[in-house]
Amino acid sequence: MGQNLLNQAHTIDEKAAYEHLAKMRWPNGLRCIRCQGEKIYTLNLSASSRVVLKCAKCRKQFSARVGTIFEDSKIPLTKWFIAFQLMVSSKKGMSAHQLHR
């Protein structure tokens, strides 16, 4: 039997989903999206669960979502990854109505 891909960590836990997105975006390690600097800091935001990164070279803040289709989305990454998995695993594709259900 094949494994159930919908039970993977990045489809259940939002933090794991963010880490999965970051790993896909930067497979060779974190880099600044503006200047390609390699020295990156993680900012501690006590009132938020968001991950905010800051480049030591250009001093700009960014995250793994910036510059992607997820940037302005209010939908959690876990739901995005579930939707992608359902769409690619369906033989004949999936309508928006089926995805909604």
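**View 1. Gln36 sits in the loop that links α1 to β1.** Welcome to this tour of a predicted model, in which local features need pLDDT of at least 70, side-chain atom pairs count only at pLDDT 80 or more, and totals for chains, interfaces and linings use all residues. Residues are numbered from 1 along each chain as its sequence is written, and side-chain values use heavy atoms, with hydrogens and water left out. At Gln36, look at the backbone angle phi: it is near 65 degrees, a positive value in a residue other than glycine. Most residues other than glycine have a negative phi. Is Gln36 buried, partly exposed or exposed? Its relative accessibility is 44%, so Gln36 counts as partly exposed. Here buried means under 20% relative accessible area, exposed means over 50%, and partly exposed is in between (1.4 Å probe, protein chains only).

**View 2. Arg59 also has a positive phi.** For Arg59, phi is near 65 degrees, and this residue is not a glycine either. You will find Arg59 in the loop between β2 and β3, a strand that covers residues 61-62. With a relative accessible area of 51%, Arg59 is exposed.

**View 3. The whole protein puts the close-ups in context.** How many helices and strands does the protein have? There are three helices and three strands, and starting from the N terminus they follow the order α-β-β-β-α-α. The C-alpha atoms fill a box of roughly 45 × 30 × 20 Å along the principal axes. The radius of gyration of the protein is 16 Å, whereas a compact globule of 101 residues would have one near 13 Å. This radius is taken over C-alpha atoms, and the globule rule is 2.2 Å times the number of residues to the power 0.38. Buried residues make up 25% of the 101 residues. The protein exposes about 7,700 Å², of which carbon and sulfur atoms supply 52%; such areas come from the Shrake-Rupley method with a 1.4 Å probe, and for residues only the protein chains shown count as cover.

**View 4. The largest nonpolar core brings 14 residues together.** A nonpolar core is a set of buried Ala, Val, Leu, Ile, Met, Phe, Trp, Tyr and Cys residues joined through side-chain atoms within 4.5 Å. Those with the most contacts inside this core are Leu21, Trp26, Ile40, Leu53, Phe62, Ala64 and Leu77. Helix α1 (14-25), strand β2 (52-55) and helix α2 (77-89) each supply at least two of the core residues. Which element gives the most? That is α1, with four residues. In soluble globular proteins, nonpolar side chains tend to be buried together.

**View 5. Ile40 belongs to strand β1, which covers residues 40-43.** The relative accessible area of Ile40 is 18%, so this residue is buried. Which residues does Ile40 touch, if we skip those up to four places away in sequence? The list is Leu30, Arg31, Cys32, Leu53, Lys54, Cys55 and Phe62, where contact means heavy atoms within 4.5 Å. Cys58 is 18 residues from Ile40 in sequence, and their C-alpha atoms are 10 Å apart in space.

**View 6. Ser63 and Ile69 both lie in the loop between β3 and α2.** Let us begin with Ser63. With a relative accessible area of 12%, Ser63 is buried. Leaving aside neighbours within four places in sequence, Ser63 is in contact with Tyr18, Arg25, Trp26, Val51 and Leu53. Arg50 is 13 residues away from Ser63 along the sequence, with 8.8 Å from C-alpha to C-alpha. Ile69 touches Trp80 and Phe84, not counting residues up to four places away in sequence. Between the C-alpha atoms of Ile69 and Trp80, which are 11 residues apart along the chain, the separation is 10 Å.

**View 7. Ser49 is in the loop between β1 and β2.** Is Ser49 buried or exposed? At 74% relative accessibility, Ser49 counts as exposed. Ala9 is 40 residues from Ser49 in sequence, and 17 Å separate the two C-alpha atoms in space.
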